[in-house]
2 protein chains.
Amino acid sequence: MDWQQAWDQLGQRGYRKTQQRMIVVKEVFAGGCLQGAEEILSRCREKDGGISMPTVYRTLDMLVDAGLVRRVNLGLGRTWFEPGGPDDDHHHHLVCEQCGKREKIALCPLGIVENEAKRSGFKVRELHFEAVGLCRSCAAKERKK
Amino acid sequence: MDWQQAWDQLGQRGYRKTQQRMIVVKEVFAGGCLQGAEEILSRCREKDGGISMPTVYRTLDMLVDAGLVRRVNLGLGRTWFEPGGPDDDHHHHLVCEQCGKREKIALCPLGIVENEAKRSGFKVRELHFEAVGLCRSCAAKERKK
DNA sequence: TTGTAAATGAAAATCATTTACAAGTAGGTG
DNA sequence: CACCTACTTGTAAATGATTTTCATTTACAA
C-alpha cells in the first residue's frame with residue numbers, strides 16, 4: 001500500500017484532509033519499519049515545513065486505528081511505528097540491549113496465540129513479541145570483559 | 001522460592017541488608033504476578049512504614065539483576081514485576097485493553113525464539129510476549145454498541 | 001460565502017521512572 | 001565497643017515520551 005491509498009482510506013473514515021495530515025502520512029509511508037515519533041516529526045519538518053509533535057501523534061493514532069500503520073513496542077520506553085496493517089506481513093525483532101541494533105526475525109506466533117486465546121473468548125488485537133538480549137558482536141565484547 | 005531465600009541471595013551478592021530492602025523483598029514475594037511499582041510501594045507502606053519510591057525501584061532493579069524477579073513489559077506505559085527467575089515457570093498474558101484484565105496463557109515461544117536467534121548469534125535475555133485485545137465480556141459489550 | 005465542528009500549535013500537564021545530593025547507616029577494622 | 005567509610009536512604013527535582021488544554025485556524029457541507 002502506498003501513502004495515497006492510505007490517504008484515501010482516512011478520507012473514507014471521515015477524517016478531514018488537512019495539509020499536516022497528508023505530510024505525516026506521506027512520511028510514515030516513505031519510511032521503513034520502526035520509525036520513532038521524533039524521527040517522523042523531524043523528517044516532516046525537513047521536507048515540508050511546519051508540523052507539531054501533537055499532530056504527529058494524533059495522526060499516527062488515527063492511522064493505527066484505521067489499521068494502516070502498526071504500533072510496535074519493544075519495551076524500551078519508546079514506541080515505534082511502521083506502515084502496514086496488523087494482518088500484513090508484520091514481523092518481529094531481536095533487540096540488542098547493548099547497541100540497540102534490531103534484527104528482523106521471521107518467526108511470528110500470532111496464529112497459535114489466536115488459537116489459544118479463542119478458547120477463553122479473547123480477541124487478539126495486537127501482539128507484542130520482541131526478544132531483548134545481546135547481538136553477536138556485543139555478546140563477544142561481553143565475553144572479553 | 002520464598003522471600004528469605006531471595007534475601008539470602010542478595011546478601012551473597014554483596015548487597016547490604018537494610019530494613020527497607022527487606023520490606024520490599026518480602027512484599028514482592030508475598031504478591032502474585034504482575035505487580036506494579038506503585039502497588040508494591042503502597043503495600044510496603046501499609047504494612048511496614050516508611051519506604052520511598054526510589055528505594056522500591058532500586059530494590060526491584062537488584063532483584064531483577066540477581067535473577068530473582070522478572071520484569072514484565074506489556075507495552076502499556078508501565079512495568080510489572082513478579083517473583084521468579086527468567087528460567088522458572090514464567091508465563092505470558094492476554095491483556096484486555098478495555099478493562100485491563102490479564103489472563104495467563106500457557107503458550108511460550110521462548111524455545112523457538114532462542115533457536116531462531118541462535119542462527120545469527122543473538123543471545124536472548126528477555127522475551128516480551130503479550131497479546132493485547134478484548135476479553136470475552138468486553139468483546140460482547142463492544143458488539144452491542 | 002458562511003457557519004460550525006474538527007483540527008491545529010504552543011505551552012503546560014502527566015506519569016512512570018531516574019538522578020542528585022545531603023544526611024543516615026551497615027558492617028568491617030582496630 | 002568506637003570509629004570509619006563506602007553504601008543507602010529520602011526528598012526534591014529532573015527526565016523524557018506522550019497527552020491535554022485552549023485559543024486560534026481551517027475544511028467542507030449548506
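The model is predicted. Chain A is superposed on chain B by a rotation of 179° with 0.0 Å of shift along the axis, at an RMSD of 0.3 Å. That is the relation of a two-fold axis. Within chain A, A:Phe129 has the C-alpha nearest the axis, at 2.2 Å. Both copies use the same surface, and 100% of the contact residues of chain A recur in chain B.

DNA strand D has 19 residues around it, of which A:Tyr57, A:Thr79, B:Thr18, B:Ser52 and B:Thr55 come nearest. Of the atoms of DNA strand D within 4 Å of the protein, 67% belong to sugar and phosphate. Polar side-chain atoms approach several parts of DNA strand D, as tabulated here.

| Residue | Part of DNA strand D | Distance |
|---|---|---|
| A:Arg16 | base nitrogen | 3.2 Å |
| A:Thr79 | phosphate oxygen | 2.7 Å |
| B:Arg21 | sugar or linking oxygen | 2.9 Å |

Two or more residues of the surface near DNA strand D come from each of α4 (53–65) of chain A and α2 and α4 of chain B. By class, this surface near DNA strand D comprises five nonpolar, seven polar and seven charged residues.

Helix α2 of chain B, residues 19–30, contains twelve residues. From first to last C-alpha, α2(B) reaches 17 Å, close to the expected 16 Å. Its buried residues are B:Ile23, B:Val24, B:Val25, B:Glu27, B:Val28 and B:Phe29. These buried residues of α2(B) pack against α1 (3–12), β1 (35–36), α3 (37–48), α4 (53–65), β2 (69–73) and β3 (79–83) of chain B.

Definitions and conventions. Residues are numbered from 1 along each chain as its sequence is written. Chains are lettered from A and ligands numbered from 1 in the order in which they are written. This is a predicted model: local features need pLDDT of at least 70, side-chain atom pairs count only at pLDDT 80 or more; totals for chains, interfaces and linings use all residues. Side-chain values use heavy atoms; hydrogens and water are left out. Helices (H or I, at least four residues) and strands (E, at least two) are DSSP runs, numbered from the N terminus. The expected span of a helix is 1.5 Å times one less than its number of residues. Buried means under 20% relative accessible area, exposed over 50%, partly exposed in between (1.4 Å probe, protein chains only). Contact means heavy atoms within 4.5 Å. Copies are superposed by least squares on the C-alpha atoms of residues with pLDDT of at least 70 in both. A residue is near a molecule or strand if one of its heavy atoms lies within 4 Å of it. A polar contact is a pair of N or O atoms within 3.5 Å; within protein, one must be able to donate a hydrogen and the other to accept it, and residues adjacent in sequence count only if both atoms are side-chain atoms. Ala, Val, Leu, Ile, Met, Phe, Trp, Tyr, Cys and Pro count as nonpolar, Asp, Glu, Lys and Arg as charged, and the others, Gly among them, as polar.
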